[in-house]
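Thanks for coming. I'll take a few minutes on the sheet and then the charged pairs. Please have a look at the structure first.

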Amino acid sequence: LIKAPSAAGIAFCLTNALKDLSHILVCDLGATYFDFSLLSLTDCVLAERAVGTSAVDLDASLVRFCLQDLRERFNVDVSGPDKGEALWRLRSGCEAAKRKLSQ
C-alpha cells in the first residue's frame, strides 16, 4: 500500500507527458492531517523520495489565520459569543477554500 499523495503523483505521471519535470510534490489536505509525497522522475523511473504526515487541524488553522487577518486589516472580530453565524460562515468558507485548493 502507498500513501494517497504518492498514488496521485503516479497517476499524474501516467496521464501527462512529462518532459521537463523532474520533481513532483503532492499534498493531501485532510481535515485533521496533512500528507505529502515528494517524487522524482529520472529516465522514466518514478521514485518516492520522501513522504510525511502532520497531524495539523488545517481547518482550524485556516480559521485562525482568517480571524487574525480580519482583525488586523479591517478591525473586525467575528469570534465573540454573539457572532455565531459569522464564525460559522467563516469556517464554511475556509473549508470550501481548502477543498478548492485540493482539486
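Before the sheet, a word on terms: two strands pair if DSSP finds at least two bridges between them. Helices (H or I, at least four residues) and strands (E, at least two) are DSSP runs, numbered from the N terminus. As for the source, this is a predicted model, where local features need pLDDT of at least 70 and side-chain atom pairs count only at pLDDT 80 or more, while totals for chains, interfaces and linings use all residues. Residues are numbered from 1 along each chain as its sequence is written, and side-chain values use heavy atoms, with hydrogens and water left out.

Now the sheet. It is open and has 3 strands, in the order β1-β2-β3, with antiparallel pairing. At the edges are β1, residues 23-29, and β3, residues 45-54, and each of these pairs on one side only. Neighbouring strands are turned by 15 degrees against each other on average, direction ignored. For that angle, axes are lines fitted to C-alpha atoms, for helices over the stretch in contact, and angles run from 0 to 180 degrees between N-to-C directions.

Strand β2 covers residues 34-42 and pairs with β3 in the antiparallel sense over 9 bridges. Which residue in β3 is the bridge partner of aspartate 35? That partner is threonine 53.

On to the charged pairs. Side chains of opposite charge can pair when their charged atoms come close. A salt bridge here is a side-chain nitrogen of Lys or Arg within 4 Å of a carboxyl oxygen of Asp or Glu. How many salt bridges does this rule give? The count comes to 4.

One of them joins lysine 98 and aspartate 59, at 2.9 Å from N to O. Lysine 98 lies in helix α3 (residues 84-102) and aspartate 59 in helix α2 (residues 58-74), so this pair ties together parts that are 39 residues apart in sequence. Both lysine 98 and aspartate 59 are buried; buried means under 20% relative accessible area, exposed over 50%, and partly exposed in between, with a 1.4 Å probe and protein chains only.

Another salt bridge is between arginine 73 and aspartate 69, at 3.2 Å, N to O. Both residues lie in helix α2, 4 residues apart, about one turn of the helix. Arginine 73 is exposed, at 57% relative accessible area, whereas aspartate 69 is partly exposed, at 23%.

Aspartate 77 and arginine 71 also meet in a salt bridge, at 3.5 Å from N to O. Aspartate 77 is partly exposed at 39% relative accessibility, and arginine 71 is partly exposed at 38%.
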